[in-house]
Amino acid sequence: MAKAPSAHAPAPAAAAAPHHELSKEQLRAIFRSMLLQRTVDNRGFQLNRQGKIPFAAGSEGHEAVQAGTGMAFQRGRDLLFPYYRDVGLCMASGFPTIEVFYSLFARAKDNGGGRQFPSHLTKKSAGIYSFSSIIAGHMTHAVGAAYALKYRNEHDRVAICTFGEGATSEGEWHEAMNFAGVQRLPIVFVCENNQWAISTPQEKQMAVKDVAIKAAGYGMEGVIIDGFDPIAVYDAVTTAREKAVSGGGPTLIEAKCYRFLSHTTDDDDRTYRSKEEVESHRKDDPVPRFERWLVEHGIVSPADVEALKKDVLREVNECTDAAEAEPYPQASELYTNLVEGAWEPWQ
Amino acid sequence: MAVTTETTVMNNVEAVRTTLYEALKNDSRTLIMGEDVGPRGNVFLITKGFLDEFGPQRVLDTPLAEASIVGIAVGMAMEGLRPIAEIQFADFIFPAFNQIVGEAAKTRYRSNGDFTCPLVIRTPYGGGVRGSLSHSISVEALFYHVPGLKIVAPSTPADMKGLLNAAIDDPDPVLYLEHKKTYRLIKGEVPGGHYTIPIGKAAVRREGHQLTVVSYGLNVHQALEAANQLEADEALKVEVIDLRSIRPMDKQTILASVRKTRKLMIIHEDNKFGGIGAEISAMVAEEALFDLDAPICRLCGPDVPPMGYALPLEEEFMISTERMKQRMREMVKF
C-alpha cells in the first residue's frame with residue numbers, strides 16, 4: 001500500500017511488499033467492511049443522542065485493523081475471541097449486521113437475548129465467542145479453546161484473540177500469553193493499540209513504547225504493524241495464522257491505530273486529551289486513506305465508491321428500522337438459561 | 001458402565017482418585033489440569049501415575065497461575081472439552097475468583113444459552129491439619145452468593161465418587177470441595193462402576209426426632225459421633241443431615257426434618273457471619289418459623305480470618321465433638 005507520512009510509525013513488516021495477495025474483490029470487500037463499520041458506529045451514536053438507545057461504543061480508527069483481521073479469519077474454521085470495541089471485526093468475520101442492531105436496541109432477537117451491553121457480540125455458529133466486560137477476561141478462554149483445537153488435532157484451525165493496549169496491564173493477559181507460549185498454541189493475538197484506555201494514555205499503562213516487545217517474554221514473535229493499513233493487517237494476521245496452523249505457535253501482533261471518538265456515548269474525551277492530538281491522527285484516517293489508495297490503484301472508481309457508500313447506508317438504514325420494530329424480550333426471560341433446567345425452586 | 005454390586009472400602013482420597021481415573025478412561029474430552037498434577041501426581045498424590053497412562057495433554061501441569069487455570073478451563077469447556085481444573089488449595093482460589101464468578105458462572109446466562117461451560121473446579125479446603133493461615137480455610141460462603149454456580153462438599157467416599165461423577169457430567173460449572181482432613185481419615189464402602197448422586201440432594205445420615213443438625217464435610221462425621229454418644233449415654237435422639245450439596249440447597253429435606261424435630265442446629269467450620277448457616281437459618285425462618293420450638297443455633301468457625309499455625313490457635317478455631325455434644329444437649333433440652 002502506498003504510504004503517506006504517518007504518525008503510525010510504519011514498521012518494516014508493513015512497509016515491505018505484502019506476502020499475501022488480495023484479489024480486487026477482497027480489497028473491495030475490505031473497503032466495504034470499513035465503510036460499514038464506520039456507518040454502524042455513527043448510527044449507534046446518533047441513536048443514543050436521539051434517546052433511542054441507552055448506550056453505544058464506537059470504534060472509529062479501528063476500521064483497518066478490524067476489516068483486515070476479519071478478512072484473515074477463516075469462517076467456519078477459526079475461533080474469534082473479540083473484545084467490546086470489535087463490532088467491525090465481528091461483522092467482517094460473519095456476524096450479521098441486523099444482529100448488531102438487535103443488540104443495540106436490546107431486542108428479543110439479539111443472540112444474547114438482550115442481556116449484554118451493546119458491542120458484546122457473540123454467536124457460536126459464527127465462531128464468535130462470548131465475553132464479559134472484564135478486560136482481558138477472555139484471553140484465557142481464547143488460549144483454552146486453542147488448546148482444545150490442538151488437543152483434537154484440528155490442525156487447520158486457529159483462535160484469534162483481540163484486545164486493546166490497556167488489556168496488556170491485566171494479570172490475566174500475562175497468564176494467557178504465558179500459557180500460549182509454553183504450549184505453543186495455534187493462536188494469533190492482535191492488539192488494537194489505539195493509545196487510550198478510556199482516559200488513560202498508553203504511557204500510563206506501560207513503561208515501553210511497543211506492546212509487541214512483550215512477546216519476547218512469552219517465547220513468541222512480536223510484530224508491529226500500521227493499524228491504519230488494512231493490507232498490512234491482513235498480511236500480518238495471515239502470516240501468523242499460517243505459522244500457527246503449521247505448528248509454529250502463537251504470535252503477538254500490535255496494530256497501532258487510534259481511537260477517534262470518546263470511549264463510549266457516556267464519555268467525553270475533551271476532558272482528558274487535546275483536540276489537536278485527535279486532529280493530528282485524523283489526517284491519517286484509515287477510511288479515506290484506503291479509499292484514495294483503491295482509486296489510485298484502479299481497484300475502484302470514484303463512482304464505485306459512491307455506490308458502495310450508498311449501499312452501506314441503505315443496509316444500515318434497513319437494519320436500524322427492522323431492529324427498532326422488533327419487540328423487547330419478555331420480562332420472564334430474566335429467569336431463563338442460568339443453568340440447564342430450572343435453578344433453585346424457591347427463587 | 002452400570003453400577004456393580006461389588007463395593008470396595010476406600011478413603012476419600014482414593015474415592016476421588018478412582019473417579020478421576022475412570023473419567024479419563026471413559027471420556028476422551030476429559031482432562032485434568034492444575035499445579036503439580038503431572039509427575040508429582042498432585043500434592044496429595046490424587047493423580048499419581050495418571051501422567052504415564054494418559055499423557056501430558058490430558059494430565060496438564062499448568063503454570064503457577066490460578067486465574068488462568070480456571071480461565072483456560074472455561075475456554076476449553078466452551079470449545080467442547082470437559083476440563084477438571086484443580087486449585088491446589090482452596091486458599092489459593094482468590095486469583096481465580098473473577099474467572100469463576102464473572103466468567104464461568106455467567107457464560108450460559110450472558111449468551112442466553114448459546115455457550116455453555118461444563119467445568120469442574122476441584123479444591124481441597126478445611127483445617128485441622130496444621131495448615132495455618134493459608135492452607136486451611138473454607139471458601140464456600142464466598143461463592144455461595146453466585147446464582148448458577150453449583151457447590152458440592154461431599155463427606156463420605158461413596159458421595160465423593162457419586163458427586164464427582166455428577167459434577168463431571170453436569171453441563172454447567174461445579175465447584176467441588178474436598179475437606180482435607182477427611183482425605184485419609186474417612187473410609188467407607190464405594191460401589192464399583194459409574195454412578196452419580198444428584199447435585200442438590202442432602203442425605204439424612206441419622207434419624208431422630210428431638211433436634212435437626214445440618215452440616216457438611218468433616219463436621220458431619222463429628223456430628224454423627226456426637227449424636228451417637230448422646231443417644232448411647234443420654235437417650236437423646238438427634239437427626240443429622242449431610243447437605244452434600246451446598247448449592248442448590250436441599251430445602252425440602254431440611255424443612256421436612258425441622259417440621260418433625262422442631263429444632264434446628266447448623267454446624268460448619270467456615271466463619272459464622274454470612275456463612276451457609278445464615279442462609280439456611282433465613283430459609284427456615286421464612287418457611288417454618290412457627291414450627292420451631294427453639295431459636296435456631298449456629299455452631300460455626302469464629303469470626304477471625306482463619307486458624308493459626310500454633311496448635312491451641314487451630315484447636316480453638318475448629319469445632320470439637322465435645323462442643324457439638326454440649327450444644328446439641330442444650331438444644332434438645334430447650
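**Close-up views of a predicted two-chain model**

B:Asn112 lies in the loop that connects H5 and S5 of chain B, and this legend set, which describes a predicted model, opens with that residue.

View 1. Strand S5 comprises residues 120–125 of chain B, and six of its six residues are buried. B:Val120, B:Arg122 and B:Pro124 point one way from the strand, while B:Ile121, B:Thr123 and B:Tyr125 point the other way, all of them being buried. In a regular strand the side chains alternate between the two faces of the sheet.

**View 2. An open sheet of five strands in chain B has mixed pairing.** The strand order is S9-S11-S10-S13-S14. Strand S9 (203–206) and strand S14 (297–301) of chain B stand at the edges, and each has a single partner strand, so one side of each is left without a neighbour in the sheet. From one strand to the next, the twist averages 25°. Strand S13 (residues 264–271) of chain B and S14(B) run parallel and are joined by five bridges, with B:Ile267 standing opposite B:Leu299 in S14(B).

**View 3. Helices H9 and H11 of chain B accompany the five-stranded sheet.** Helix H9 (residues 218–234) of chain B packs on the sheet, where it touches S9, strand S10 (211–215), strand S11 (238–242) and S13 of chain B; the direction of this helix makes about 165° with that of S11(B). Helix H11 (residues 276–288) of chain B lies across S10, S13 and S14 of chain B, and runs at about 155° to S13(B).

**View 4. Helices H3 and H9 of chain A cross at roughly 40°.** The axes of helix H3 (residues 63–72) of chain A and helix H9 (residues 230–245) of chain A come within 8 Å and cross at roughly 40°, which means that H3(A) is oblique to H9(A). The crossing of H3(A) and H9(A) is right-handed. In H3(A) the contact is made by A:Ala64, A:Val65, A:Ala67, A:Gly68, A:Thr69, A:Met71 and A:Ala72, which meet A:Pro230, A:Ile231, A:Val233, A:Tyr234, A:Val237, A:Thr238 and A:Arg241 in H9(A). The residues of this helix contact divide into ten nonpolar, three polar and one charged.

**View 5. The contact between the chains takes 35 residues from chain B and 36 residues from chain A.** On the side of chain B that touches chain A, the elements giving two or more residues are helix H3 (66–78), helix H4 (97–103) and helix H5 (107–110) of chain B. H3(B) provides the largest share of that side, nine residues. By class, the residues of the side of chain B that touches chain A divide into 14 nonpolar, 13 polar and eight charged.

**View 6. A cis peptide bond joins B:Arg247 and B:Pro248.** Omega at this bond is about 0°, and B:Pro248 is found in the loop between strand S12 (245–247) and helix H10 (251–261) of chain B.

**View 7. B:Thr5 is found in the segment before strand S1 (7–11) of chain B.** B:Thr5 counts as exposed because it has 8 C-beta neighbours inside 10 Å, where the cut-off for that class is 12 or fewer. The C-alpha atoms of B:Thr5 and B:Thr253 are separated by 27 Å, the two residues being 248 residues apart along the chain.

Conventions: Residues are numbered from 1 along each chain as its sequence is written. Chains are lettered from A and ligands numbered from 1 in the order in which they are written. This is a predicted model: local features need pLDDT of at least 70, side-chain atom pairs count only at pLDDT 80 or more; totals for chains, interfaces and linings use all residues. Axes are lines fitted to C-alpha atoms, for helices over the stretch in contact, and angles run from 0 to 180 degrees between N-to-C directions. Helices (H or I, at least four residues) and strands (E, at least two) are DSSP runs, numbered from the N terminus. Angles under 35 degrees count as roughly parallel, over 145 as roughly antiparallel, 65 to 115 as roughly perpendicular and the rest as oblique. A crossing is left-handed if the near helix is turned anticlockwise from the far one by less than a right angle, and right-handed if clockwise. Two residues are in contact if their C-beta atoms, placed from the backbone, lie within 7 Å. Ala, Val, Leu, Ile, Met, Phe, Trp, Tyr, Cys and Pro count as nonpolar, Asp, Glu, Lys and Arg as charged, and the others, Gly among them, as polar. Two strands pair if DSSP finds at least two bridges between them. A residue is buried if 20 or more other C-beta atoms lie within 10 Å of its own, exposed if 12 or fewer, and partly exposed in between; C-beta atoms are placed from the backbone.
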